[in-house]
Amino acid sequence: MLVCSCNFISEKEIEDTIISLLDEDCWQLIVPAKVYHAREKRGRCCGCFPNVVDIIIRTTEEYHASRHSTEAEIFDFMTRLRQFHEENRRADIERRRKGHRAA
């Protein structure tokens, strides 16, 4: 199935890219931009990114289910993910709003 019509990328190509990234580091955080970069493409309209996120989640879950990951590894990954989320949330709060002007 064609996922990205701007770059003509299929679901199978995205899955293969995700698996190759997971083979390098099975606990890395994979986002659509990383998948596109690995394929030497870039998001153009980015309308496909929600679908790519769904493919990333599904493929990552299947990858770890087939590898029989331990609970300790999953807990460490979830801790890293929460920390990443908190750091980015704080950055969003600290940014100035578009309506704010410096005098």
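Biologist: What pattern does the chain follow, read along the sequence?
Modeller: Read along the sequence, the pattern is β-β-α-α-α-α, where helices (H or I, at least four residues) and strands (E, at least two) are DSSP runs numbered from the N terminus. This is a predicted model, in which local features need pLDDT of at least 70 and side-chain atom pairs count only at pLDDT 80 or more, while totals for chains, interfaces and linings use all residues. Residues are numbered from 1 along each chain as its sequence is written, and side-chain values use heavy atoms, with hydrogens and water left out.

Biologist: Which residues of α1 are buried?
Modeller: In α1, the buried residues are I14, E15, T17, I18, L21 and L22, with buried meaning under 20% relative accessible area, exposed over 50% and partly exposed in between (1.4 Å probe, protein chains only). They lie on the same side of α1, because the arc they cover around the axis is only 160°, taken from the directions from the helix axis to the C-beta atoms. The face turned away from that buried side carries the exposed residues K12 and E24.

Biologist: And what do the buried residues of α1 pack against?
Modeller: They pack against β1, β2 (9-10), α2 and α3. I14, for one, touches V3, I9, V35, V52 and I55, leaving aside residues up to four places away in sequence; contact here means heavy atoms within 4.5 Å.

Biologist: How many residues are in the largest nonpolar core?
Modeller: That core has 15 residues, and those with the most contacts inside it are I14, I18, I30, V35 and V52. A nonpolar core is a set of buried Ala, Val, Leu, Ile, Met, Phe, Trp, Tyr and Cys residues joined through side-chain atoms within 4.5 Å. At least two of its residues come from each of β1 (2-4), α1 (11-24), α2 (32-38) and α3 (49-67).

Biologist: Switching to cysteines, how many disulfides are there?
Modeller: The structure holds zero disulfides, a disulfide being a pair of cysteine sulfur atoms within 2.5 Å.

Biologist: What about C46, then?
Modeller: For C46, the closest cysteine sulfur is in C45, at 6.5 Å, which is again too far for a bond. C46 is partly exposed, with a relative accessible area of 34%.
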